[in-house]
Amino acid sequence: MRALALPRCPGHRIRAAALAGAALLLGACSTERGPDPWRNTNEKMFRFNERFDKSFFEPVAKGYDTVMPTLFQTMIGTFFETLTVPRTFVNDLLQGKPVAAAQDLGRLGVNVVAGMLGFVDVASEVGIPKNEEDFGQTFGRWGAGPGPYLVVPFAGPNNLRDVLATPLDLAANPSTFVNATGATVVRLVNTRAQYLEEIDQARKDSIDFYVFQRDAFLTRRAREVLDGKTPEIDDDLYELDDEDLDALDEVEESPTEQPAEQPAEPTPAEGESPDEAH
Amino acid sequence: MKRTEPLLVASLLALALLLAGPALADPAADARSAMQSTIDEVLKTLRGPGSDEQQRAEIETLAKQRFDFTTMSKLVLKRDWKRFQPAEQKEFVTEFTEYLSASYGTRIARYKNEQVTTLGARNEGNGDVTVQTAIKGGQFDGATVDYRMRSLGGKWQVIDVVIEGISLVSNFRQQFADVIAKGGPQELLKRIKAKNEAGIVDAPPTEAPAATKGTR
């Protein structure tokens, strides 16, 4: 199989970066090429995943959803979340957050002891905050950019930084060391079942689901690195060109309002005139 | 000691007036209360009588009053706006309005049992205000919904909704730019119309029996 078309980053060999796990290089590369330099391959994977989901995974999850009471779904979800607490704990420490680390250690203890081995989130009920950290976030915290967007077969949206971090995440999860294929299947189907409505709605809501999914994923990860803070949105996004304002008047027929736009300076679209184009 | 009370009341009153004065001129506060009133009305509708269909229609009406879909359309299309003929621009605004209000209506209608808390309002550099809200309770507990608002014609209007950090304007701009680059304005209009005709609001009933679900 041919290797993915790696973006050429002047002065750097990204393959070496991948091997060394020096994800710091990723940020520098990705900004030059946009977040999705491997789009062609990604779109193929995306289409494959969509087919797989619609023909197999989603129907299975729907069936599961009808037979499995919501309460049990929540409990199963909580159990698998409990298994990720050690991973969070390690990453709290790596990110220099001793308070969060203590909270998560407490959370683990409370949920295992008082929460039926981790099936019930007693910790949240007694007010212990829930943190979620993984190695991808830690690398992000240390300054690594997300790197190129990457659609993984079966698993879906990801980015190179987080894919490289996945082995470490697995190493910090106790369930990795238990040979339990059945449990993994339950975890995957249970998770899919909890997002039935959301994903269905997102597919209906989007004109281009691939782009929607990519933006949603990249934004979610960027926020997770910032511990839930929304990354700054460039004010540029909300700027209207002056020339637009003239065109607007003709379209303004909304039954609700007549938004009086800020009057454009009395220089109506000077640059527009084609004769002056020199 | 009793005698000092009128004085105390008077000074408190003065203080309140001092505080209220600037507050009235504060855009962030104005935008926040405008958005709050819309949110309150939406929640009242959701909790009131009326079929799901009626409620959704009412919410759509409320959304159309508070959202400036024309500005949103222009922000979403940005440079591509000029590639649209005036008639196409008009058509786009109409279709996009329908599309957004239907999808907003459907989404909000699912938050029947949730509360919405307004967390605060922030002045943006260009005179806009971002009103920050969060959903309380239910599956999406803690999810943040920010409304970017602009004062247009003396009224605070929503020009973007940022759900969990995902800006609707930015997200749609990315989606649309691709479609326009490949197929031009007509292709985009075709696709949005198709969505509107198919009825994005047509969410499947949640309690449908397994058999019906499976065969869809």
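**Close-up views of a predicted two-chain model**

**View 1. Welcome to the fold of chain B.** Seven helices and five strands make up chain B in this predicted model. Read from the N terminus, the order of elements is α-α-α-α-α-β-β-β-β-β-α-α. Chain B has 216 residues, and 35% of them count as buried. Taking contacts in chain B between residues at least 6 apart in sequence, 55% join residues at least 24 apart.

**View 2. Here is the open sheet of chain B.** Five strands line up in the order S1-S2-S3-S4-S5, and their pairing is antiparallel. At the edges stand S1 (115-123) and S5 (166-167) of chain B; each has a single partner strand, so one side of each lacks a neighbour in the sheet. As background, strands of a sheet pair through backbone hydrogen bonds, in either a parallel or an antiparallel way.

**View 3. Now look at one strand pair, S3 with S4 of chain B.** Strand S3 covers residues 144-152 and strand S4 covers residues 155-163; eight bridges join the two in the antiparallel sense.

View 4. Helix H2 of chain B, residues 27-47, lies across S1, S2 (129-136), S3 and S4 of chain B. Relative to S1(B), helix H2 runs at about 160°.

**View 5. This view shows the largest nonpolar core.** The core has 43 residues, and those with the most contacts inside it are B:Ala31, B:Met35, B:Met72, B:Val76, B:Phe96, B:Val131 and B:Met149. At least two core residues come from each of H2, H3 (52-66), H4 (69-77), H5 (86-109), S2, S3, S4 and H6 (168-198) of chain B. A second, separate core has nine residues, including A:Phe139, A:Leu150, A:Leu160 and A:Leu164. In soluble globular proteins, nonpolar side chains tend to be buried together.

**View 6. Which residues is B:Met149 in contact with, leaving aside neighbours within four places in sequence?** Two of them are B:Ala31 and B:Met35, which are also listed among the residues with the most contacts inside the largest core.

**View 7. Finally, a look at confidence in chain A.** The average pLDDT of chain A is 81, and 74% of its residues score at least 70. Residues 27-31 of chain A stay under 50, and the model has 12 contacts for them beyond four places in sequence. Residues 250-278 of chain A are also below 50 in pLDDT, with 31 contacts in the model beyond near neighbours in sequence.

Definitions and conventions: Residues are numbered from 1 along each chain as its sequence is written. Chains are lettered from A and ligands numbered from 1 in the order in which they are written. This is a predicted model: local features need pLDDT of at least 70, side-chain atom pairs count only at pLDDT 80 or more; totals for chains, interfaces and linings use all residues. pLDDT is the predictor's confidence in each residue, from 0 to 100. Two residues are in contact if their C-beta atoms, placed from the backbone, lie within 7 Å. Two strands pair if DSSP finds at least two bridges between them. Helices (H or I, at least four residues) and strands (E, at least two) are DSSP runs, numbered from the N terminus. Axes are lines fitted to C-alpha atoms, for helices over the stretch in contact, and angles run from 0 to 180 degrees between N-to-C directions. A nonpolar core is a set of buried Ala, Val, Leu, Ile, Met, Phe, Trp, Tyr and Cys residues joined through C-beta atoms within 7 Å. A residue is buried if 20 or more other C-beta atoms lie within 10 Å of its own, exposed if 12 or fewer, and partly exposed in between; C-beta atoms are placed from the backbone.
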